[in-house]
Amino acid sequence: TMIENGAFLDMKDGFIQELRDNGYDEDKCEIIYKCAQGDATNMNTIVQDAIAKKPDAIVTVATPASQAVVGTGTDIPDFFISVGDPVGAGLISDINGAPDMNATGTSNAVPVSEIFGLAEQLTPDVKTYGILYNTGEGNAVYTAENAKKYLDEKGLKYIEKTVTAAGEVQTAAEALASQCDAIFVPNDSIIQTAMPVVSQIARDHKIPVYGSSAVMVESGAFATKAISDTKIGAITADKCIEYLNGKAIKDIPTEIVAADDIVVNTDAAAAIGIQLPDDLEGMRTVTDTADK
């Protein structure tokens with residue numbers, strides 16, 4: 001991974017557990033985990049070291065790490081987890097076609113229409129959304145563009161604030177909270193890390209934060225409809241197992257994983273004065289991570 005956060009760690013754990021459940025435990029295979037701690041130079045060093053070890057496969061979480069591996073042109077296959085736009089990231093030419101760059105895995109394009117549809121159910125009076133994201137993450141930019149397109153089509157107003165470092169998040173969140181009725185956060189590791197700050201600012205202004213993962217909601221955001229992080233890791237593991245059992249990469253399609261997890265933070269709901277419906281099918285409630 002490029003950086004560690006709760007979502008990415010859950011994806012890694014889901015991948016490893018699926019390997020173990022299918023007989024690929026420590027007695028049968030060696031798994032070496034590395035994180036670049038947000039540093040591109042570290043990432044390049046990790047990738048080169050990994051290739052030099054000639055493993056059977058390399059597994060990458062999210063876009064930056066996946067691009068770093070596939071961009072080398074190595075003949076070691078890459079199995080990517082949770083890449084929002086694999087075509088735009090240069091990992092495959094056609095999402096519906098056969099993998100053609102020695103890489104395959106899972107895409108978790110954030111279901112913006114479903115998240116905003118959930119927002120319409122839970123907070124129907126929202127007229128202006130704030131969009132907060134880091135311009136340095138391809139997944140976040142891609143999701144933000146899809147969000148703006150959706151809101152334009154619905155005739156809803158939005159204001160966006162972008163950041164390039166964690167130290168900019170508080171100021172950007174405060175600016176949005178003073179101008180908007182709700183904040184939307186794409187799948188963004190920098191904002192995820194600062195989610196307790198963002199959520200507190202939003203609560204002070206009595207507005208909801210809609211995130212893009214369950215971990216964001218557990219960290220203080222109000223709600224989302226998302227993809228299970230452990231599940232998407234496990235699905236990529238299944239593809240890796242197919243390869244280890246002899247199947248060619250070109251015959252293991254990249255999969256777009258559907259969102260099936262509605263998560264609502266009851267601490268956030270109470271703080272901003274929202275009464276949750278009793279009949280929202282599939283809703284799962286959580287509290288702030290700090291409360292656990």
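This report describes a pair of strands and several salt bridges in a predicted model.

## Basis of the description

Residues are numbered from 1 along each chain as its sequence is written, and side-chain values use heavy atoms, with hydrogens and water left out. Because the model is predicted, local features need pLDDT of at least 70 and side-chain atom pairs count only at pLDDT 80 or more, while totals for chains, interfaces and linings use all residues.

## Strands β4 and β5

Strand β4 (residues 128-134) runs parallel to strand β5 (residues 157-163), and 7 bridges join the two. Strands count as paired if DSSP finds at least two bridges between them; the elements themselves are DSSP runs numbered from the N terminus, with helices (H or I) of at least four residues and strands (E) of at least two. Within this pairing, I131 stands opposite E160 in β5.

Side chains of opposite charge can pair when their charged atoms come close. A salt bridge is counted where a side-chain nitrogen of Lys or Arg lies within 4 Å of a carboxyl oxygen of Asp or Glu, and the model has 11 salt bridges by this rule.

One of them joins the side chains of E160 and K148, at 3.1 Å from N to O. This pair links distant parts of the chain, with E160 in strand β5 and K148 in helix α5, 12 residues apart. K148 is buried, at 9% relative accessible area, whereas E160 is partly exposed at 33%. These classes are set by relative accessible area: buried is under 20%, exposed is over 50%, and partly exposed is in between (1.4 Å probe, protein chains only).

## Two further salt bridges and a network

K239 and E255 also meet in a salt bridge through their side chains, at 3.4 Å from N to O. Here too distant parts of the chain are linked: K239 belongs to helix α10 (residues 229-244) and E255 to strand β9 (residues 255-256), 16 residues apart. K239 is buried at 7% relative accessibility, while E255 is partly exposed at 33%.

K250 forms a salt bridge with D251, their closest N and O atoms being 3.4 Å apart. K250 is exposed, with a relative accessible area of 51%, and D251 is partly exposed at 38%. Salt bridges with shared partners also join E145, K148 and E160 into one network.
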